[in-house]
Amino acid sequence: MISYFPTPYPDELFYSVMARYHKQSLNRHPKESLFDIYGQTVHGIRKLLSFNIHGVVGRLKWFNYISAEEIIRDHTLFNFYSAMNPNERDRVYREIYQGKKQSTRVIITGINFVNEYTEYLRFCPTCIREDIKQYGETYWRRSHQTPAAFVCTKHLVMLQDSRVKISDNTLVAASLANCVCNNIYKKFTEKETLTYLILLSKQNEYLVNNEVNINFLKSNNTILSLFRAKGLLERYGTINKGLFLIKLYEFYGYEFFEHVKIKPKEYIRLFANYYDSRFRGLGIVEKLIMIIFLFENVQTFIKAGTTFSHVHLDIPCTICKQKNPFNISRKTLGKREINLLEINCNCGFISRRIFGDDDVYKNSLWIETDNNEVWKKTINSLIYEKGISISEVSAKFGVSEIYVEQLVERSSETLGKLEKETFREKWKDHLTRFSYKSEIELIYYDFPTYCWLFHFDYEWLYNINSDREDFTNTKSMFWQKRDRKIKEYSREVLHRSLLYGYGVEDILDEILYPILFNPDIIFETYMSRTVEYSNKFKALQSKELNHISNPTI
């Protein structure tokens with residue numbers, strides 16, 4: 001039966017407590033001390049995360065010892081491990097608390113995670129001297145043993161390697177004999193190096209002491225937003241690796257990367273490859289370097305991942321003006337890999353943009369029309385209920401008049417039969433007041449009324465218009481305005497389609513043919529600009545239009 005067990009010091013690793021017990025117990029071999037502590041034969045113990053803490057505390061109940069929960073929280077690296085491995089949190093906590101069962105035997109050795117920077121336990125020389133003076137002995141601090149710990153955050157001095165290997169599965173207490181200060185202090189030529197090593201170590205200490213989740217999945221949108229704000233995204237949203245490298249060197253300096261043993265070019269390559277898959281595969285130091293670069297500290301990073309308050313694109317809903325959470329995902333559209341920003345507002349409005357540079361972002365607004373019932377209802381309400389003209393609706397939402405006309409033409413079928421006499425009277429009034437206008441001029445003078453009558457009262461509309469002059473007598477001014485509108489809208493549609501990576505056939509069949517080759521209007525005679533534009537486009541069909549990102553037509 002165990003008759004004595006040390007009380008943990010502040011920030012002491014629980015392995016260190018067991019090692020101090022062995023040193024003070026007069027047992028000849030660590031196996032004897034481990035048998036005292038666990039009540040069964042143990043062949044080795046891992047240093048960083050010890051298992052079956054509950055079993056140990058159960059054997060110490062006569063000493064009114066601290067709880068297993070307190071030990072796990074304050075004297076193991078569970079918080080740090082779970083922050084890096086959130087999906088394993090519940091399983092690892094269960095194993096630390098009660099041990100890992102394999103068949104009928106309880107495995108209680110624990111976990112050592114890989115530290116690429118040292119194979120030894122670390123210590124602070126100043127902490128060692130203070131411990132000896134205050135306690136008469138020293139101990140292994142948990143916050144000094146993680147891969148991201150380079151500096152003692154209390155004394156701001158570089159940590160040093162002890163003579164105790166992390167991989168040795170035995171009990172070795174910290175002492176002046178194995179914590180030998182080499183008296184060789186690293187002198188940095190760049191003042192930023194020590195500053196950022198201290199900051200990196202402070203973020204590490206925050207992870208050790210707090211229950212947090214370094215979840216790049218939740219913060220992915222904000223990370224990409226910050227990259228765009230810093231001008232680090234290329235035209236279609238991929239990371240500009242060359243500029244990113246320059247910015248990292250400007251921020252951290254060359255010497256910093258040498259000390260943390262990271263090759264910036266390789267780091268950028270890994271980051272660029274992982275960022276569209278939520279940054280899986282990056283180590284803790286790599287992640288913390290990016291967090292500091294973008295967010296300054298872990299707290300801001302965590303907040304940004306849950307609230308979007310740190311950086312919010314100015315993308316209020318087109319209809320209700322409410323700012324919405326957004327989703328950015330890597331997509332293959334046509335033949336191009338792009339970052340697609342999609343917004344599904346609570347009001348039901350759906351739109352998307354390419355999350356690239358300013359030009360692409362501005363010109364790639366694509367409003368979902370076919371399945372966007374809220375958008376159709378909004379347009380119909382403004383036009384048919386409030387009497388707002390197509391040109392006013394166009395200006396209100398920043399879209400082309402031709403686009404609004406097409407939307408009205410498609411969505412007016414869903415209105416149902418409203419007050420028929422209202423539309424009839426309005427159209428008869430147009431015929432009386434504008435007797436000098438041709439039918440085509442009247443149609444586009446009040447396109448919504450014409451569309452409703454065409455869908456729901458066609459026979460009456462046909463009869464009353466039968467004595468109108470045909471559009472061959474339409475004034476040239478009308479055709480010029482119409483010609484200019486359709487041509488500019490065609491250019492806008494083509495440019496946006498090319499941004500999204502559509503091929504020539506897709507653009508012709510689904511996008512431009514309904515605009516440029518509308519059989520209801522005789523383009524060849526009356527719309528020279530549009531005809532010239534469409535002829536240019538036809539001429540390019542045999543060329544590699546898919547490779548043109550900035551069309552000149």
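Analyst: Contact here means heavy atoms within 4.5 Å, and the account below concerns a predicted model. With that cut-off, the part to look at closely is the contact of α16 with α18, where W375, K376, I379, N380, I383 and Y384 in α16 meet Y403, V404, L407, V408 and S411 in α18. By residue class, this contact divides into eight nonpolar, two polar and one charged. Helix α16 covers residues 373-385 and helix α18 covers residues 401-411, and the two pack at an angle of about 100° with their axes 10 Å apart. Angles of 65 to 115 degrees count as roughly perpendicular, and α16 and α18 are therefore roughly perpendicular to each other. An α-helix has 3.6 residues a turn, so residues three or four places apart point the same way. That spacing can be followed in the contact list, which includes W375, I379 and I383 from α16, and Y403 and L407 together with V404 and V408 from α18.

On the α10 side the contact is made by F244, K247, L248, F251 and Y252, which meet L288, I289, M290, I292 and F293 in α13. The residues of this contact divide into nine nonpolar, no polar and one charged.

These pairs belong to a protein with 26 helices and ten strands. Of its 553 residues, 51% are buried, and its accessible surface comes to about 27,500 Å², with 48% of that surface belonging to carbon and sulfur atoms. Among the contacts in the protein with a separation of 6 or more, 68% are between residues 24 or more positions apart.

Y65 lies in the loop between α3 (53-59) and α4 (68-75), and, with a relative accessible area of 13%, Y65 is buried. The C-alpha atoms of Y65 and F5 are 8.9 Å apart, although 60 residues separate the two along the chain. Once neighbours within four places in sequence are left aside, Y65 is in contact with F5, P6, T7, P8, V17, L60 and I71. In strand β8 (residues 336-344), I343 counts as buried at 8% relative accessibility, and its C-alpha atom is separated by 8.2 Å from that of C317, 26 residues away along the chain. K420, by contrast, is partly exposed, with a relative accessible area of 33%; K420 is found in helix α19 (residues 420-433). The C-alpha atoms of K420 and D457 are separated by 7.8 Å across 37 residues of chain, and, not counting residues up to four places away in sequence, K420 touches W452 and D457.

Just after α7, G136 takes a positive phi of about 80°. Helix α23 (residues 476-499) has 24 residues and reaches 35 Å from its first C-alpha to its last, close to the 34 Å expected at 1.5 Å a residue. Just after α23, G501 takes a positive phi of about 85°.

L26, with a phi near 70°, is found in the loop between α1 (14-25) and α2 (30-38), and at 77% relative accessibility L26 counts as exposed. K261 has a positive phi of about 60° although it is not a glycine; K261 is found in the loop between α11 (254-259) and α12 (264-274), where K261 is exposed, with a relative accessible area of 58%.

Notes. Residues numbered from 1 in each chain as written. Predicted model: local features only at pLDDT ≥ 70, side-chain atom pairs only at ≥ 80, totals over all residues. Heavy atoms only, no water. Axes fitted to C-alpha atoms, helices over the stretch in contact; angles between N-to-C directions. Helix = DSSP H or I, 4+ residues; strand = E, 2+ residues; numbered from the N terminus. Parallel < 35°, antiparallel > 145°, perpendicular 65-115°, else oblique. Nonpolar A, V, L, I, M, F, W, Y, C, P; charged D, E, K, R; others polar. Buried < 20%, exposed > 50% of the residue type's maximum accessible area, 1.4 Å probe, protein only. Areas by Shrake-Rupley, 256 points an atom, 1.4 Å probe, with all protein chains shown as cover. Expected span 1.5 Å × (residues − 1).
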